[in-house]
Amino acid sequence: MMRTLQLVVVLLCGLAAAQQQALMDYLERRLLAIEDRISLWHEQTSRYASELREFKQQMVTQLEGLDKNKEALRTELDSVGARVDRVEREMDYLETQSGAQPCVDVDDKLVEQQVTVAKERNKAKYAKLTDCSDMISSVKAMKILKRMGGSKGMWTKDMGSSSGKVYIFNSTGEDTLYEFSSVRDFTSSQGTSAASTIQLPSAWGGMGHAIYNNHLYYVKDGEEIRLVKFDLQKSKVVDSAVFPAKDQLPVYTLNPETYVDLAADEEGLWAIYATKENENHVSLAKVDPKTLAIEQMWDTPCQRENAEAAFVVCGTVYVVYNSKLPSRSRIQCVFDVSDMVTNDDAPTVYFPKRYGTHSSLKYSPLEQLLYAWDDGYQILYKLQMKKKLDV
């Protein structure tokens, strides 16, 4: 009986050892399988990382190629745009040059008719467009901003809008003007380094230009006195017309290059000019800025002799003369189209010390400032105003 029990115990121990070995074998196989899977995962991860790096490199190369293509395409588009603009300017130029050639005789008759109509309108009372009744009482302050360009030229803002852009017309007969984004950019830049250039289809004459409601109005340099309306946003001529005054003379004896001085004020657009018919005096005309038609004309009592510039404020033209005092100019003649002020009523206004002769004076209705060009210096004059009824 004892031997039987011992035999059973031996069998049971043997069975337990076998199960343990089997369990160990099973665990070993599972661990090997897990290690194989981990190794495979590492291998796949490494391959995926390598493929991702290759893909990234390919994308970088393609993006660089696209950037180069985009830059090349942009250059080509800029070139095409410039060519289109040049073709438009040339077409506009050809239109202004040759559009009216077959009808020269008719144009002469038309000018005579327009002069007659304008003289008839001169007899009518001027219909004011605004309730503006201010006049100048003194020059309150003077600020020299910069010295740039030649002794004669013009600088101005858009006098019909609140745009801060500044426009520079250097010399008395060029075809390229400079546009600055602000007065600060103009004063802080070296020369015209911060400016954009605007190419005109024809050269201007004199210093009598005007910027009004995103359009440049200038006198075309040539045999006839032609007003040109140039769209600054579209960079093209949108209208032109022969100025309807015969036998014109330089409007200022001290600046004989200017035959028509265009001015803008609260009432709109004006033209200051002179003719042989009234050769000793300055004349004034109201211009329709949309059509360039002359709405009304006036002969003023203001002398041309010793005059250097003029401007218009609230329908009143102020003519500036070279004073006998050293380095001084003064407003010596005033003509009000509404007859509210006579020349005897207006005070004599002196400008502060200057360098030479004002080649241009442009009034800003929104700022009540004068933009002056004086021997290459760009100057701002702050005006002191008062009501016309107070004189």
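Me: Which ring does Lys146 lie over?
Reply: In this predicted model, Lys146 sits over the face of Phe186, 4.7 Å from the ring centre. There's another case of this kind: Lys286 lies over the face of Trp270, at 5.3 Å from the ring centre.

Me: And Phe186, what cluster do ring pairs link it into?
Reply: Phe186 joins Trp155, Phe180 and Tyr371 in a cluster linked by ring pairs.

Me: How many aromatic pairs does a search of the whole structure find, and how do I read one?
Reply: The general idea is that you describe a pair of aromatic rings by the distance of the centres and the angle of the planes. Searching the whole structure here turns up 11 aromatic pairs. Take Tyr126 and Trp298: their ring centres are 5.7 Å apart and the planes stand at 75°, so this pair is edge-to-face. Edge-to-face needs an angle over 60 degrees.

Me: Where do Tyr126 and Trp298 lie, and what does the pair tie together?
Reply: Tyr126 is in the loop between α2 (104–123) and β1 (134–147), while Trp298 is in strand β14, so the pair ties together parts 172 residues apart in sequence. Both Tyr126 and Trp298 are buried.

Me: What about Phe311 and Tyr318, stacked or edge-to-face?
Reply: Stacked, because their planes are at 15°, with the ring centres 5.5 Å apart. Phe311 counts as buried at 1% relative accessibility, and Tyr318 is buried with a relative accessible area of 1%.

Me: Now the core. Which residues have the most contacts inside the largest nonpolar core?
Reply: As a rule, nonpolar side chains in soluble globular proteins tend to be buried together. Here the largest nonpolar core has 33 residues, and Trp155, Ile168, Phe243 and Val260 have the most contacts inside it. Strands that each supply at least two residues of this core include β3 (166–170), β7 (215–220), β14 (294–303) and β20 (369–374). Another core lies apart from that one, with 25 residues, among them Met135, Ile331, Val349 and Met385.

Me: Last one: the backbone. What phi does Ser171 have?
Reply: For background, most residues other than glycine have a negative phi. Ser171 has a positive phi of about 85°, although it's not a glycine. You'll find Ser171 in the loop between β3 and β4 (176–180). Leu292 isn't a glycine either, yet its phi is positive at about 70°; Leu292 lies in the loop between β13 and β14.

Me: Are Ser171 and Leu292 buried or partly exposed?
Reply: Ser171 counts as partly exposed, at 25% relative accessibility. Leu292 is buried, with a relative accessible area of 5%. The cut-off for buried is under 20%.

Note on methods. Residues are numbered from 1 along each chain as its sequence is written. This is a predicted model: local features need pLDDT of at least 70, side-chain atom pairs count only at pLDDT 80 or more; totals for chains, interfaces and linings use all residues. Side-chain values use heavy atoms; hydrogens and water are left out. A nonpolar core is a set of buried Ala, Val, Leu, Ile, Met, Phe, Trp, Tyr and Cys residues joined through side-chain atoms within 4.5 Å. Buried means under 20% relative accessible area, exposed over 50%, partly exposed in between (1.4 Å probe, protein chains only). Helices (H or I, at least four residues) and strands (E, at least two) are DSSP runs, numbered from the N terminus. Rings of Phe, Tyr and Trp (its six-membered ring) pair if their centres lie within 6.5 Å; planes under 30 degrees apart count as stacked, over 60 as edge-to-face and the rest as tilted. A charge sits over a ring if NZ of Lys or CZ of Arg is within 6 Å of the ring centre and within 35 degrees of the ring normal.
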